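Student: Please take me through this structure one part at a time. I have not seen it before.

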Amino acid sequence: MTPPRRTRRRPQPLVPEPAPRPPQPAQPTAADGRRPRPNPERLYSVAGSDGARAELDLVTLIVARTAPPVSATPEQSAVLRLCRAPLSVAELSAYLGLPFSTMTVLLTELITDELVHARAPIVRQAVPDRSLLEAVMHGLQRL
Amino acid sequence: MDFKGSDTLPGPRTEDQLPHTAQAAVKIVIVGGFGVGKTTMVGSVSEIRPLTTEETMTQAGIGVDDDYGSDSKTATTVAMDFGRISITEKLVLYLFGTPGQERFWFLWNGLFEGALGAVVLVDTRRLEVSFDVMGRLEEGGVPFVVAVNSFPDAPRYPVEELRTALDLGPDIPIIDCDVRRRASSKDVLLTLMGFLHSLAMSGALI
């Protein structure tokens, strides 16, 4: 039996690699001028209006800076309690049962109010960080 | 811990909490068609029970999926399972299993772009369902390896025949695996990391 066949594709010039960035401080990544992405209609039922949203990744680590203030909403309080230890946006989304986009809006408010820190992920670079790759390999070998 | 409210709020078990030293995370995506074993693979190597994150949007934003119902404003939810592996006290790896269907990709802005690399999990009974996602990864310059999940009744092709069918260059690893086994899933991830490392050594990363 012969398997079905495909034809490989090439990297698209309109989708350049993100420019190499210096080591990321504990700040959400700013918009970097890549092509605009589709922006589907999103849900804001929890998080309210659409302010300037931080660029949060699924694996941005969120850490609470304080205990929940009395003014915090139930959702904000829940995030602050969950993030006493670092927790990814994806895990917060899973535990709180909120869609990712709703979660990012909620978190952006908390970042703006300086109630949480965001620790940016390490993303793939045009010039890969070999020591990073080796660290991941060693970690996996210990599994 | 004096985790106030921990008895009423869902959250990680104490032993599943990351240390405060955790500074940054990296991610690897596992892509493939429904039922190919993405979640099984995530679960076999994850240190936490696999979790599910969702993204929700209205159908109007997709323009497809008319079969979901006549109401054009019906929300469509796409779920993605993920797991976690602590690499060091400072570094955490997340594994995301994501559907291969093209209409889901843009829901996860940045998922592929920031990933170290990808595992394309294929089932030789339905090889063609992975074609689009491979093309997408190639277009985005995301390095990937191909892992063939060995189902008992699936046709078995020699690796070179698969390489030809999938139109993959000679450098891209193609490996057999049984994702139910932790050791096998670990081998797949190590194959990907070895591939990424060789690209880094040769300076050939696209």
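Tutor: Start with a term: two strands pair if DSSP finds at least two bridges between them. Helices (H or I, at least four residues) and strands (E, at least two) are DSSP runs, numbered from the N terminus. This is a predicted model, in which local features need pLDDT of at least 70 and side-chain atom pairs count only at pLDDT 80 or more, while totals for chains, interfaces and linings use all residues. Residues are numbered from 1 along each chain as its sequence is written, and chains are lettered from A and ligands numbered from 1 in the order in which they are written.

Student: Which residue in β5(B) stands opposite B:Ile30?

Tutor: β1(B) also pairs in the parallel sense with β5 (residues 117–122) of chain B, over 4 bridges. Opposite B:Ile30 in that strand stands B:Val119.

Student: How many residues of β1(B) are buried?

Tutor: A residue is buried if 20 or more other C-beta atoms lie within 10 Å of its own, exposed if 12 or fewer, and partly exposed in between, with C-beta atoms placed from the backbone. One side of β1(B) has B:Ala24, B:Val26, B:Ile28, B:Ile30 and B:Gly32, the other has B:Ala25, B:Lys27, B:Val29 and B:Val31, and all of these are buried. The strand is mostly covered, and its count of buried residues is 9 of 9.

Student: In what order do the elements of chain B run from the N terminus on?

Tutor: Chain B is built from 6 helices and 7 strands. Of its 206 residues, 40% count as buried. From the N terminus on, the order is β-α-β-β-β-α-α-β-α-β-α-β-α.

Student: What is the order of the strands in the open sheet of chain A?

Tutor: Chain A has 4 helices and 3 strands. Strand β1 (residues 61–64) is joined to β3(A) by 4 antiparallel bridges, with A:Val63 partnered by A:His117. The pairing in this open sheet is antiparallel, and the strand order is β2-β1-β3.

Student: Which are its edge strands?

Tutor: An edge strand here pairs on one side only. In chain A this holds for β2 (87–88) and β3 (116–119).

Student: At what angle do α2(A) and α3(A) pack?

Tutor: Axes are lines fitted to C-alpha atoms, for helices over the stretch in contact, and angles run from 0 to 180 degrees between N-to-C directions. A:Val89, A:Leu92 and A:Ser93 of α2(A) meet A:Phe100, A:Met103, A:Thr104 and A:Leu107 of α3(A). The two helices are roughly perpendicular (angles of 65 to 115 degrees; under 35 is roughly parallel, over 145 roughly antiparallel and the rest oblique). Their axes lie 9 Å apart, at an angle of about 110°.

Student: Which residues of α3(A) make the contact with α1(A)?

Tutor: The axes of α1 (residues 74–82) of chain A and α3(A) come within 11 Å and cross at roughly 75°. From α1(A) the contact takes A:Glu75, A:Gln76 and A:Val79, and from α3(A) it takes A:Leu106, A:Leu107 and A:Leu110.

Student: How many residues of chain A are in contact with chain B?

Tutor: Two residues are in contact if their C-beta atoms, placed from the backbone, lie within 7 Å. On the chain B side 71 residues take part, and on the chain A side the number is 58.

Student: Which element gives the largest share of the side of chain B that touches chain A?

Tutor: Several elements of chain B each supply at least two residues to that side, among them β1 (24–32), β3 (75–86) and α6 (182–202). The largest share is 9 residues, and it comes from α6(B).
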